[in-house]
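My entries follow the model itself.

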Amino acid sequence: MSIATRLIPNKMRIKAFNGGIDMYKTILRENENSDTLVVFIHGFMGNPEQFEDLAKFVYDKGFSYISVLLSGHSGSLKEFIKSTYVDWENSVQNEIDKLK
């Protein structure tokens with residue numbers, strides 16, 4: 001097993017190398033008593049699930065949250081390579097716009 005493989009948690013490794021099938025999605029949890037939305041945005045090797053503990057903390061403190069899946073991060077390597085920072089910015093804006 002390579003060093004990189006050992007550094008990726010099993011849960012993520014199984015999903016990340018599962019033949020390019022969509023495995024992640026944007027996570028939204030609305031707290032009906034909140035007028036504030038916390039937005040979580042993952043990085044290159046991340047996904048919306050990486051914020052699970054922090055998102056629970058935020059929700060338990062009374063806030064709503066959304067953990068956005070960035071374009072190109074839930075499919076094949078080809079899809080990832082084709083995605084750009086503009087696509088990623090649009091992913092975030094599109095998810096926020098849906099809530100307006």
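These are my notes, beginning with the ground rules and the overall fold.

**Ground rules.** I am working from a predicted model, in which local features need pLDDT of at least 70 and side-chain atom pairs count only at pLDDT 80 or more, while totals for chains, interfaces and linings use all residues. Residues are numbered from 1 along each chain as its sequence is written, and side-chain values use heavy atoms, with hydrogens and water left out.

**Overall fold.** I found five helices and three strands in the protein. I took helices (H or I, at least four residues) and strands (E, at least two) as DSSP runs, numbered from the N terminus. Read from the N terminus, the order of elements is α-α-β-β-α-β-α-α.

I then checked burial, where buried means under 20% relative accessible area, exposed over 50%, and partly exposed in between (1.4 Å probe, protein chains only). Of the 100 residues in the protein, 29% are buried. I also looked at contacts, meaning heavy atoms within 4.5 Å. Among those between residues at least 6 apart in sequence, 62% join residues at least 24 apart.

**Salt bridges.** How many salt bridges are there? I counted a side-chain nitrogen of Lys or Arg within 4 Å of a carboxyl oxygen of Asp or Glu, and the count came to three.

- I looked at Lys 56 and Asp 60, whose closest N and O atoms are 2.7 Å apart. Both residues sit in helix α3 (residues 52–60), four residues apart, about one turn of the helix. Lys 56 is partly exposed at 48% relative accessible area, and Asp 60 is exposed at 52%.
- I went on to Lys 98 and Glu 95, with closest N and O atoms 3.2 Å apart. They are three residues apart in helix α5 (residues 85–98), again about one helical turn. Lys 98 is exposed, with a relative accessible area of 60%, whereas Glu 95 is buried, with 17%.
- I ended with Lys 100 and Asp 97, where the closest N and O atoms are 3.5 Å apart. Lys 100 counts as exposed at 76% relative accessibility, and Asp 97 as partly exposed at 35%.

**Helix α3.** Which residues of α3 are buried? I found Ala 55, Val 58 and Tyr 59. Seen down the axis, these buried residues fall within an arc of 95 degrees, so they line one face of α3. The arc is that of the directions from the helix axis to the C-beta atoms. I noted that the buried residues of α3 pack against β1 (27–29), β2 and β3.

**After α3.** I followed the chain on to Gly 62, which comes after α3 and has a positive phi, near 105 degrees. Lys 61 has its place in the loop between α3 and β3, and it counts as exposed at 55% relative accessibility. I also checked Lys 61 against Ser 34: they are 27 residues apart in sequence and 9.7 Å apart in space, C-alpha to C-alpha.

**Helix α5.** I checked the span of α5 next. Its 14 residues reach 20 Å from first C-alpha to last, close to the 20 Å expected at 1.5 Å a residue; the expected span is 1.5 Å times one less than the number of residues. Trp 88, Ser 91, Val 92 and Glu 95 are buried in α5. They cover an arc of only 85 degrees around the axis, which puts them on the same side of α5. What do the buried residues of α5 pack against? I found β2 (37–41), β3 (64–68) and α4 (77–82).

**Surface.** The protein exposes about 7100 Å², of which carbon and sulfur atoms supply 56%. Accessible areas come from the Shrake-Rupley method with a 1.4 Å probe, and for residues only the protein chains shown count as cover.

I also looked up a nonpolar surface patch of about 350 Å², made by Leu 28, Leu 37, Val 39, Ile 41 and Leu 99. Patches are made of residues with over 30% relative accessible area and no salt bridge, with like charges joined within 9 Å and nonpolar side chains (Val, Leu, Ile, Met, Phe, Trp, Tyr) within 5 Å. β2 gives the most to the nonpolar patch, with three residues. I checked Ile 41 in particular: it is found in strand β2 and is partly exposed, with a relative accessible area of 46%.
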